[in-house]
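The structure is shown here.

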Amino acid sequence: MIPIRNRKKTLKVTVEEMRNFAFAYIEKYAPSKQQLKTYLLKKYLKTSVPNVKKQDVNKLIEIVLSDLEKSKFINDKFYSESKARSMINRGSSINKIRSYLLGKGIDENYINNTVEQINDQNSDQDFFSAIKICKKKRIGPARIEDNRPLFYKKDISLLARNGFDFETSKKVMDMTEEEYKKIINLL
């Protein structure tokens with residue numbers, strides 16, 4: 001069999017090549033549909049094929065993506081749920097999870113379902129995520145009691161940059177050390 005590089009490029013060979021690129025990428029990264037599409041477009045632009053028109057490439061990529069979706073190699077619903085779960089374990093806010101998933105090209109319906117599941121499991125998820133951030137960064141209630149007033153603005157702004165609203169941030173920052181330790185032991 002002649003290697004793909006040495007064969008004359010036809011649409012069939014290009015689809016086969018794209019499928020192989022897609023499988024290699026999926027195996028390594030577990031991407032969303034949009035990430036895979038972007039990767040394949042970039043890959044094709046690097047290895048521009050003379051016999052294939054560029055408008056046909058989008059159609060070819062769509063064919064490859066639909067085949068991968070049918071065979072359940074890529075699934076945006078699963079991607080949304082698994083990424084949200086891992087981000088919650090790291091202490092991310094719901095706002096941060098939502099914007100991350102939007103950035104990855106996940107459909108709004110999947111994002112809303114994922115956020116609803118998070119809220120069903122724990123109605124005050126942002127509060128507990130903010131506490132995880134405090135523990136990880138050693139801010140707010142995790143600081144030594146003498147330094148807390150000095151770093152209050154800095155700590156509350158760090159929580160805001162991580163996507164927590166003001167009420168949640170203030171609630172966490174105003175906790176006593178005993179309350180904080182009790183909650184940390186539960187997490």
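Predicted model: local features only at pLDDT ≥ 70, side-chain atom pairs only at ≥ 80, totals over all residues.

Guide: Residues are numbered from 1 along each chain as its sequence is written, and side-chain values use heavy atoms, with hydrogens and water left out.

Visitor: How many helices and how many strands does the protein have?
Guide: Helices (H or I, at least four residues) and strands (E, at least two) are DSSP runs, numbered from the N terminus. From that end the elements run α-α-α-α-α-α-α-α-α-α, and the count for the protein is 10 helices and 0 strands.

Visitor: What percentage of the 187 residues is buried?
Guide: Buried means under 20% relative accessible area, exposed over 50%, and partly exposed in between, with a 1.4 Å probe and protein chains only. Of the 187 residues in the protein, the buried share is 37%.

Visitor: Why do the buried residues of α8 line one face of the helix?
Guide: In α8, residues 152-161, the buried residues are D155, I156, L158 and L159. Seen down the axis, they line one face because their directions, taken from the helix axis to the C-beta atoms, fall within an arc of 155 degrees.

Visitor: Which residues are exposed on the other side of α8, and which helices do its buried residues pack against?
Guide: On the other side, K153, K154 and R161 are exposed. With contact meaning heavy atoms within 4.5 Å, the buried residues of α8 pack against α7 (125-137) and α9 (166-173).
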